[in-house]
Amino acid sequence: MFKRENVKGIVVPIITPVDDDENIDDTRLRKIVNHVIENGVHGILAFGSNSEFYMFEPDEMFRALDIMLDEAAGRVPIYFGIGAIRTRKCIALAQEAVKRDIAAISVLNPMFIKPTAKALYHHFKAIADSVPDTAMLLYNNPGRSGYTIPLDIIVRLAHDVSNIIGIKESSGDITFCSELIRQTQDVNFRVLTGKDTVVFPGLCVGAVGSVCSTANMYTRLVSSIYDYYITGDLEKSLEAQFKLNPIRLSQDAASFPAATKDMANLMGMDVGKSILPTEATSGAALEKMKEEMRKGGFLPSDE
């Protein structure tokens with residue numbers, strides 16, 4: 001099993017490039033895997049929210065996962081994201097994923113429905129129990145699922161289920177995050193923040209890193225927040241966080257998750273379009289993103 005101490009740093013929910021027919025583009029996928037590794041990420045999350053996991057069939061996802069594992073060649077750990085609603089489907093995805101040399105699975109709280117706290121506990125435990133020799137991260141994303149995994153449920157799972165070793169915590173609530181860390185530190189539960197704007201604050205309260213979509217494009221900048229922090233240069237870490245924030249916040253006016261691919265394409269990364277019905281950002285929202293990218297030095301002034 002992947003050692004919990006190795007869950008750390010900046011993990012990128014990697015963009016899934018597609019061709020004009022919305023098929024995953026193998027060549028461009030290999031290119032972005034190399035791009036993020038060579039520019040300093042500490043891990044890759046395949047099929048996170050910004051990877052558009054909800055747009056792909058399982059066979060497409062696993063073929064892409066095989067490509068990522070092949071191209072990464074052990075340079076960084078690769079996590080596999082699971083976002084299905086039905087417990088049985090999550091288990092099936094988990095059991096197929098662990099046939100490969102992945103670091104861990106990451107399981108989102110079910111979207112659209114709102115299970116009881118007891119049901120959530122049973123859901124996550126059943127998935128973890130189905131792959132007992134593989135590490136599992138919880139994924140709390142109230143912005144997309146419509147509710148937060150209750151703190152006490154996360155704490156119980158951290159203590160009760162040995163292979164649930166951490167969480168991507170995307171609420172952006174630093175009090176919630178710090179309480180989670182405080183109440184699970186006795187089992188070395190690994191907390192990764194999931195909001196790009198709170199990498200530094202998260203580290204300050206004991207998080208071990210962050211899952212950041214902006215690390216697809218601004219890889220060195222985002223990775224430097226963590227790298228500076230762990231070497232003790234808090235001033236430079238905070239400076240990097242503050243450089244990132246207005247760029248990341250400019251994405252909020254766009255349709256999720258279009259902004260990630262839009263910014264990547266503006267920077268010449270050629271990752272293909274967002275998958276329909278998501279369409280590329282336009283108008284004032286696009287101009288605001290360009291403005292902040294120019295201010296950050298990521299677009300020339302005439303773009």
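Two strands pair if DSSP finds at least two bridges between them. Keep that in mind as you open this predicted model.

**Stop 1: β2 and β3.** Select strand β2, residues 43-46, and strand β3, residues 78-82. Three bridges join β2 to β3, and the two run parallel. Click on Leu 45. Its bridge partner in β3 is Tyr 79. Now follow the chain from β2 to β3. The path goes through helix α2, residues 58-72, and this β-α-β crossover is right-handed.

**Stop 2: the side chains of β2.** In a regular strand the side chains alternate between the two faces of the sheet. Show the residues of β2. Gly 43 and Leu 45 point one way, while Ile 44 and Ala 46 point the other way. Are these residues buried or exposed? All are buried.

**Stop 3: β1 and β2.** Pro 13 stands opposite Leu 45 of β2. Next, bring in helix α1, residues 26-38. Together, β1, α1 and β2 form a right-handed β-α-β unit.

**Stop 4: the whole barrel.** Select strands β1 to β8. How many strands close into the barrel? Eight do, in the order β1-β2-β3-β4-β5-β6-β7-β8, with parallel pairing. From one strand to the next, the twist averages 25°.

Stop 5: Pick β4, residues 104-108, and β5, residues 135-140. Five bridges join these parallel strands.

**Stop 6: Lys 261.** Move to helix α11, where Lys 261 has its place. Lys 261 has a relative accessible area of 2%, so it is buried; the cut-off is under 20%. Which residues does Lys 261 contact, leaving aside neighbours within four places in sequence? They include Ile 15, Thr 16, Glu 52 and Lys 273. The C-alpha atoms of Lys 261 and Asn 140 are separated by 23 Å, and the two residues are 121 residues apart along the chain.

**Stop 7: Asp 262.** Stay in helix α11, residues 258-266, and select Asp 262. Asp 262 is buried yet has no salt bridge. The nearest side chain of opposite charge is that of Lys 261, 9.1 Å away. Leaving aside neighbours within four places in sequence, Asp 262 is in contact with Ala 280, Thr 281 and Met 289.

Methods:
Residues numbered from 1 in each chain as written. Predicted model: local features only at pLDDT ≥ 70, side-chain atom pairs only at ≥ 80, totals over all residues. Heavy atoms only, no water. Helix = DSSP H or I, 4+ residues; strand = E, 2+ residues; numbered from the N terminus. Buried < 20%, exposed > 50% of the residue type's maximum accessible area, 1.4 Å probe, protein only. Lys, Arg positive; Asp, Glu negative; His and termini not counted. Salt bridge = Lys/Arg side-chain N within 4 Å of Asp/Glu carboxyl O. Contact = heavy atoms within 4.5 Å. Axes fitted to C-alpha atoms, helices over the stretch in contact; angles between N-to-C directions. Right-handed = clockwise from strand over helix to strand, strands pointing away.
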